[in-house]
Amino acid sequence: MTTVVATPEFSCTETPRIPLGQRLLASGCINAQQLAEALAAQSSLDPEEINHLIGRTLVSLGHLTQGRLRTCLAELFAEECRVYHANPAVRPSLSLRGVEKRLDGRVVLDGIDLDIPHGHITAIIGISGGGKSVTLKHLVGLMLPDRGTITLDGKDLVALSPQALQAARRRFSLLFQGGALFDSLDVYDNVAFPLRETTEVPEDEIKRKVMRALEEVNLAGMEHKFPDELSGGMNKRVALARALITSPEIILLDEPTAGLDPIIENAIHHLICDTFMRTRTTMVIISHAVPAIFKWCHHVVVLHQGKVRASGPTLAIQESTDPVIRQFISGDVDGPIHVL
Ligand SMILES: Nc1ncnc2c1ncn2[C@@H]1O[C@H](COP(=O)(O)OP(=O)(O)OP(=O)(O)O)[C@@H](O)[C@H]1O
Ligand SMILES: [Mg+2]
């Protein structure tokens with residue numbers, strides 16, 4: 001049985017971007033005077049940076065604690081998930097249509113149709129081996145389908161020349177399952193790597209960006225450590241800093257919290273939310289952190305047996321009566337999915 005929840009008619013209207021400071025003001029997290037003071041303190045920054053750093057400026061001025069800022073951002077995010085649930089008509093950034101893939105003679109993707117809504121967070125969930133990582137590799141053109149199309153902003157990735165495909169890939173940032181840091185490079189060089197590989201940014205600017213990225217993932221002072229000197233959670237955070245450093249248009253994270261303790265898992269979810277609220281980057285997160293991940297995404301895609309079992313706003317998926325989805329959410333051993 002395939003149930004596809006709420007496949008919307010896409011409208012091309014974009015939601016106007018309200019600056020984050022204004023949203024914090026409207027939600028009552030700060031008052032008008034506090035916002036005015038923060039904006040005055042940021043008067044030398046360019047407009048993008050103002051939005052990017054407003055939370056940090058409010059914290060440094062003592063108007064919000066770091067914890068209160070996190071809570072405020074999570075509340076704003078929950079509110080926009082409710083809005084998305086009521087009106088999920090958002091244009092897709094990426095679409096797969098009829099994507100089929102065999103690997104080692106086995107059908108892994110069996111006709112995948114899915115849309116990744118632009119400027120939103122999508123979680124892809126499903127049982128182990130169900131084809132999530134393979135789907136992600138198709139989304140970024142690292143694997144090509146045997147059949148079907150992959151479109152990025154309406155352009156078919158499969159039909160692109162190798163050079164054009166490489167250029168398209170620069171629009172993405174991918175955190176591989178397992179992190180995939182370079183063991184022979186220290187934290188600083190790992191995070192700087194994509195900037196050095198894909199941009200002409202001078203070294204002093206790279207230094208500024210790397211230090212800020214490390215501060216954002218709470219790893220300031222760790223830049224000269226090597227991956228094997230860090231805990232699993234720290235390695236994940238370095239990989240996350242590396243995925244975010246080029247300010248990509250689309251960020252794809254394959255299990256950013258796997259194997260982490262619940263506190264670090266929560267911290268990473270907050271960090272992803274914080275990044276999203278500041279940048280509004282389209283994000284795709286593959287996650288086994290069910291049901292925790294439902295708090296951190298607008299949209300959910302459930303993959304099962306190489307097909308999309310359901311796709312829709314998170315709240316709709318949570319309410320699904322499909323026994324497969326119910327079993328997956330509850331984690332019951334007994335049910336239509338046989339694991340033992
Ligand atoms: N490069 C490959 N060559 C052959 N088979 C592969 C390859 N990559 C993945 N597979 C197979 O495809 C299937 C789906 O793998 P995939 O990695 O997408 O699963 P997943 O849903 O991400 O699982 P998990 O939650 O455990 O990460 C698996 O049976 C896997 O063995
Ligand atoms: Mg995987």
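**H7 and H9.** I looked up how these helices run, and H7 and H9 are roughly parallel to each other (angles under 35 degrees count as roughly parallel, over 145 as roughly antiparallel, 65 to 115 as roughly perpendicular and the rest as oblique). The model is predicted: local features need pLDDT of at least 70, side-chain atom pairs count only at pLDDT 80 or more, and totals for chains, interfaces and linings use all residues. I number residues from 1 along each chain as its sequence is written, with chains lettered from A and ligands numbered from 1 in the order in which they are written.

Helix H7 covers residues 187-198 and helix H9 residues 232-244. Helices (H or I, at least four residues) and strands (E, at least two) are DSSP runs, numbered from the N terminus. I found that the two axes come within 7 Å and cross at roughly 30 degrees. Axes are lines fitted to C-alpha atoms, for helices over the stretch in contact, and angles run from 0 to 180 degrees between N-to-C directions. The crossing of H7 and H9 is right-handed (the near helix is turned clockwise from the far one by less than a right angle; anticlockwise is left-handed).

Next I checked which residues touch. Val187, Asn190, Val191, Phe193 and Pro194 in H7 meet Val238, Ala241 and Arg242 in H9 (contact: C-beta atoms, placed from the backbone, within 7 Å). I sorted this contact into six nonpolar residues, one polar and one charged. Ala, Val, Leu, Ile, Met, Phe, Trp, Tyr, Cys and Pro count as nonpolar, Asp, Glu, Lys and Arg as charged, and the others, Gly among them, as polar.

**Ligand 1.** I listed the residues surrounding ligand 1, including Leu103, Asp104, Lys132 and Gln177 (near: C-beta atom, placed from the backbone, within 6 Å). The shell has three nonpolar, seven polar and two charged residues. Helix H5 (residues 132-139) gives the largest share, three residues.

Most residues other than glycine have a negative phi, and most peptide bonds are trans. I looked for exceptions.

Asn218, not a glycine, has a positive phi of about 60 degrees. Asn218 lies in the loop between helix H8 (203-216) and H9. With 14 C-beta neighbours inside 10 Å, Asn218 counts as partly exposed (buried: 20 or more other C-beta atoms, placed from the backbone, within 10 Å; exposed: 12 or fewer; partly exposed: in between).

Glu255 has a positive phi near 55 degrees. Glu255 counts as buried, with 21 such neighbours.

The peptide bond from Val290 to Pro291 is cis, with omega near 10 degrees. I placed Pro291 in the loop between strands E8 (282-286) and E9 (299-304).

Key
Contact = placed C-beta atoms within 7 Å.
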